[in-house]
Amino acid sequence: MTDGSDLPPLREVINTYGLRAEKSLGQNFLLDLNLTGKIARCPGNLDGETVLEVGPGPGGLTRAILGCNVKQLIAIEKDTRCLQPLADVSEAFGGRLTVIEADALSVTEADFLTEKAHIVANLPYNVATPLLIKWLKSRDQFKSMTLMFQKEVADRLIAEPGTKAYGRLSIISQWLCRVSKQFDLSPKAFTPPPKVVSTVVKLIPREKPAFPADMDVLEKVVATAFGQRRKMLRASLKSLGGPTEDNLIAAGIKPTQRAEEITVEQFCRLSEIYRHQKN
Ligand code: SAM
């Protein structure tokens with residue numbers, strides 16, 4: 001059989017291999033097959049696709065992804081205790097799973113991806129945001145990213161202007177991807193339960209960013225604006241140099257507005273004005 005049906009239940013795997021959850025590795029395991037299946041279905045039809053998973057742990061979500069008939073699943077895991085149980089999963093699914101023992105933050109995906117991949121991952125919360133930023137920078141390699149975050153981070157990804165959660169992460173993510181919330185998961189869904197609610201978010205990289213802008217300049221303008229988010233932009237953006245008020249007006253922004261009121265399109269327009277001034 002190569003459909004994983006002869007694998008032991010996940011709780012048994014955890015006991016057999018002594019996989020006590022390590023807080024430092026952000027280990028909160030998902031053992032509910034309904035939920036792992038629901039996450040694996042978020043990207044859409046994975047038949048014949050290549051998928052990348054970060055942090056497979058004992059392999060619950062991993063089994064669900066393999067169950068979607070993917071061509072290959074490449075999983076990056078830092079915890080060496082998980083390697084043998086994952087080798088068992090690979091064998092049970094006819095070798096379609098390849099496990100790379102590494103810190104996901106330091107791998108270069110292009111080194112092992114031979115075609116565009118979907119990312120599906122229940123991310124370790126302590127490295128979730130840096131991983132997302134890294135993947136946004138190399139988004140051309142990915143067809144979709146279905147990622148579980150703590151709810152507070154997910155709220156920032158999907159936030160609209162005028163809300164408290166709206167900020168740098170909302171703007172960069174929405175500029176580069178179509179971002180949609182999938183569903184929330186209660187802490188009770190995990191072993192051990194984390195302190196916070198979790199949310200699955202799907203990001204689909206846009207063929208072209210939503211509006212013209214240079215990523216470095218946009219990031220700088222947005223970071224400067226939100227660095228002092230309660231101040232009016234005519235004050236908070238002074239440190240960028242140039243005629244602050246004229247630039248804001250040219251971008252269709254009132255100099256008395258604050259960062260959280262400004263749309264992604266307006267920030268892009270403003271960053272283009274700063275970029276042309278520098279050249
Ligand atoms: N996918 C499993 C599940 O859903 O039950 C485990 C998810 S658990 C939240 C996060 C996993 O990421 C753990 O297996 C942990 O060992 C792994 N991990 C933590 N930091 C990592 C890193 N920097 N690189 C790769 N894996 C990491």
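**Notebook: aromatic rings and a buried glutamine**

I began with Phe 267, which counts as buried because its relative accessibility is 0%, under the 20% cut-off. I keep in mind that this is a predicted model.

Next I looked up ring pairs. How many aromatic pairs does the structure hold? I found two. Tyr 166 and Phe 226 form an edge-to-face pair, with 6.1 Å centre to centre and 75 degrees between the planes. I placed Tyr 166 in the loop between α6 (151-158) and α7 (168-176) and Phe 226 in helix α8 (residues 215-227), so this pair ties together parts that are 60 residues apart in sequence.

Then I turned to Phe 226 and Phe 267, whose pair is tilted: 5.8 Å centre to centre, 40 degrees between the planes. Phe 226 sits in helix α8 and Phe 267 in helix α11, 41 residues apart, so I noted a link between distant parts of the chain.

Is Phe 226 buried or exposed? I have it as buried, because its relative accessible area is 10%. Tyr 166 is buried too. Ring pairs join Tyr 166, Phe 226 and Phe 267 into a cluster.

My last stop was Gln 257, in the loop between α10 (244-250) and α11 (264-278). I logged Gln 257 as buried because its relative accessible area is 16%. What does Gln 257 contact, leaving aside neighbours within four places in sequence? I listed Lys 231, Met 232, Leu 233 and Ile 262. I also noted 8.1 Å between the C-alpha atoms of Gln 257 and Arg 234, which are 23 residues apart along the chain.

Conventions: Residues are numbered from 1 along each chain as its sequence is written. This is a predicted model: local features need pLDDT of at least 70, side-chain atom pairs count only at pLDDT 80 or more; totals for chains, interfaces and linings use all residues. Side-chain values use heavy atoms; hydrogens and water are left out. Helices (H or I, at least four residues) and strands (E, at least two) are DSSP runs, numbered from the N terminus. Buried means under 20% relative accessible area, exposed over 50%, partly exposed in between (1.4 Å probe, protein chains only). Contact means heavy atoms within 4.5 Å. Rings of Phe, Tyr and Trp (its six-membered ring) pair if their centres lie within 6.5 Å; planes under 30 degrees apart count as stacked, over 60 as edge-to-face and the rest as tilted.
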